[in-house]
Amino acid sequence: MTHLRFIQGLVVATACAVSGLAGAVSVDQPESQKKELSKAPEASSLEVFGSFGPTILFGDPATAGYQASFGRVGLIGELGFAYRSWYFIDPFISVGYASLARGQAVLPDGEWGVGGTLEQKLRTWIISPGITSDLWRFRPRFALGVAIIVQSFEFNGVESSSTQTPLVAQLGLGFNVFDEGRTRLDLEMRGVLANGADVNFMTLDVTLRGDLFYF
Amino acid sequence: MNSKHALLFIAAASLLHCEQSDELTIPMFPDGGLLRTGQPLSRDQLMMFEGLYSVTKDAALFGGQVAVRTSPGTVSVLSEKNAGFSVLGAACLPDRRVVVEGYWQYPTLLDAGLVRLFVGPPEFADALCDGETPDPDTSFELDGHYGNNNEFPRLPLELRWSKQLKAWRGRFFNVAHHGACENTDHCGTAPNSLESIRLAERVGSNAAELDVRITRDGIPILFHDPGLSRTLVRGTFCNGQVADLSLAELMGSCELRYGELIPTVQQTLDMMVNETELEGVYLDMKVPGAVLPTSRLVVKLMADLEARNTNSDPSDDRTFGALIAITTDEVLTAWHEAKAQLTKEGLPIPPCLAEQDPETVIAEGCRAWGPTWTNGPQPENVQKVRDAGAGTIFWTINQSEFIDEFLTTGKPDGIITARAALLFYRYQMIGTVPPVRPMPMP
């Protein structure tokens, strides 16, 4: 629940920031500049965006052992900034957090001591610079960054976690469903590949984008 | 395609990662074969099958000559060609024929198939079905067929006994590297798994080299790499470093390549002693922290074996040796600390093997030296160690020409290999029976 609340908060904050900042910028702009804005995307802008949606983790839990339950559907939230160039490539940087999977394994008594239920969780932070582009109503994006993958356990009251920091690649394709000048809404499907840790997942995001200011 | 599309295409293509791994399913007779209908031969009866055999029909599979050895419940045909082997069971059928059937395989290739042979001439089969154990002679043969994959065996195969095997039990150590299979092999078992160790003696080994690491809660386990890489393990929650996870977390979250559990050293020693005829284990200490807890397990094993071998029941006697392998200077320091701790507790010091040099072996009072093969056969050093009452086990030699060079020049007490069938065969052909036992036998 903590992760869910965090992601929800992230999205709400993003939406507020997008609308608030966009509004603040527009208030301070003279008429001549407003005319320029209406020409977007010919003008360059600094865009803030936020994404939120479910994730589906690839791979399976260990089945030879004692796995009792497993959930591969999680949630991702992401916040980022993009430089919307007059040229076709838009560089961006984003920070995301995803709760990827959870499971339970029921262990009998063994060399580890008394048996019990092992709670398993997998989540990740993703810090990714990348590039994106508007192609008609499609918006492909490619990013290469670092994931901080956190695997945590609880067994017989003892909690532990371990962290890996593999490279992570993201490949996404968004479809613009709403474009209101300085505010846009996309639906996006994305593959996130952290092969170094063998953690790969797909997301289906709603992405809200807004221009903070123009150049 | 304009530059925009080309750039995006390149970006997409760079993400594509194509990994193909061919896997082999070990062939089996679909109905359990004829073995299912017969009476299995006893362990003593299986021993009569051991020997060198001429391949009198179809040398295409294993070449012109093979070695045959046995283990509990199995007869193994071991060859030079592609390090191929055949693992067979033997039973007396209701019609008083003796069938020897199972599968053959080239471990490095995706080639395998079924084998069905019958004991001949009939007087040998009669004797076996009468519960006798006849001595083999040059008329003893295994005649039948083999096939490819799961096809019914139709290609002729005939093996004729030619002579007894050279002494190998308790003398020359054919040490299975990580168990019977390398990670790149297609044996159906993962390296450092109990299943791979069970397979080891069926493909020609009489000892195993296993890699020991320590879990976060201090329990020695078998695992080669420091990290839980996908070349070795599977599992959504099986990520990170071995040393970061407790045993419970590993057991609940990880499985080896073919679905096996990661074994603990305790489980491994129990299985090797009680379920196999393997004669020893070379416990490769991958981390210094594994030395003391593994030494305690070996000390306990030695005490258990001594109790078994000195009680009034000779049927439970067992000869088995375990060596703590000192692989690095850090492990050597941990070994000194472990010895001090065990002495303080009034416990005996377990036998060791040092990989460093002969001087370290002698100074530490180890039972064996474990040099890398890359420094050559070193016959003078092998003799130097032997003069000090220890043995030499080279690691890790898989190619026929190097196996031959080391067998004829170094004349060691053992070799670690992933090609146990090949080593067994070449030792029988050109090896010299070593005078001492590097594994600590009671």
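Colleague: Are helices α6(B) and α7(B) roughly parallel or roughly antiparallel to each other?

Modeller: This is a predicted model. In it, α6 (residues 265-275) of chain B packs against α7(B) at an angle of about 25 degrees, with the axes 10 Å apart. Angles under 35 degrees count as roughly parallel. So α6(B) and α7(B) are roughly parallel.

Colleague: What handedness does the crossing of α6(B) and α7(B) have?

Modeller: The two helices pack with their axes 10 Å apart. As α6(B) passes α7(B), the crossing is right-handed.

Colleague: Which residues of α7(B) does α6(B) meet?

Modeller: From α6(B) come Val265(B), Gln266(B) and Leu269(B). Sorted by class, the residues of this contact are four nonpolar, two polar and no charged. The partners in α7(B) are Thr294(B), Leu297(B) and Leu301(B).

Colleague: Is α7(B) oblique or roughly parallel to α8(B)?

Modeller: Helix α7 of chain B covers residues 291-310, and its axis comes within 9 Å of that of α8(B). The axes cross at roughly 50 degrees. Roughly parallel needs an angle under 35 degrees, and roughly perpendicular needs 65 to 115. That makes the arrangement of α7(B) and α8(B) oblique.

Colleague: How many residues of the contact of α7(B) with α8(B) are nonpolar?

Modeller: α7(B) brings Val291(B), Leu292(B), Ser295(B) and Val299(B). They meet residues of α8(B), among them Val331(B), Trp335(B) and Gln341(B). Two residues of this contact are polar and none is charged, and the number that are nonpolar is eight.

Colleague: Is Asp329(B) buried or exposed?

Modeller: Asp329(B) belongs to helix α8 (residues 329-344) of chain B. It has 11 C-beta neighbours inside 10 Å. The cut-off is 12 or fewer, so Asp329(B) counts as exposed.

Colleague: How far apart in space are Asp329(B) and Gln356(B), C-alpha to C-alpha?

Modeller: Asp329(B) lies in α8(B). In sequence, Asp329(B) and Gln356(B) are 27 residues apart. In space, their C-alpha atoms are separated by 8.4 Å.

Colleague: Now chain A. How many strands does it have?

Modeller: Follow chain A from the N terminus: the order of elements is α-α-β-β-β-β-β-β-β-β-β-β. Chain A has two helices, and its strands number ten.

Colleague: What share of the contacts in chain A with a separation of 6 or more comes from residues 24 or more positions apart?

Modeller: Chain A has 215 residues, and 40% of them are buried. Among its contacts with a separation of 6 or more, the share from residues 24 or more positions apart is 60%.

Colleague: Which element gives the largest share of the side of chain A that touches chain B?

Modeller: Here 37 residues of chain A contact 32 residues of chain B. Elements giving two or more residues to the side of chain A include β4 (90-107), β5 (116-132) and β6 (138-155). By class, this side has 22 nonpolar, twelve polar and three charged residues. The largest share, six residues, comes from β6(A).

Methods: Residues numbered from 1 in each chain as written. Chains lettered and ligands numbered in written order. Predicted model: local features only at pLDDT ≥ 70, side-chain atom pairs only at ≥ 80, totals over all residues. Contact = placed C-beta atoms within 7 Å. Helix = DSSP H or I, 4+ residues; strand = E, 2+ residues; numbered from the N terminus. Nonpolar A, V, L, I, M, F, W, Y, C, P; charged D, E, K, R; others polar. Buried ≥ 20, exposed ≤ 12 C-beta atoms within 10 Å, placed from the backbone. Axes fitted to C-alpha atoms, helices over the stretch in contact; angles between N-to-C directions. Parallel < 35°, antiparallel > 145°, perpendicular 65-115°, else oblique. Left-handed = near helix turned anticlockwise from the far one by under 90°.
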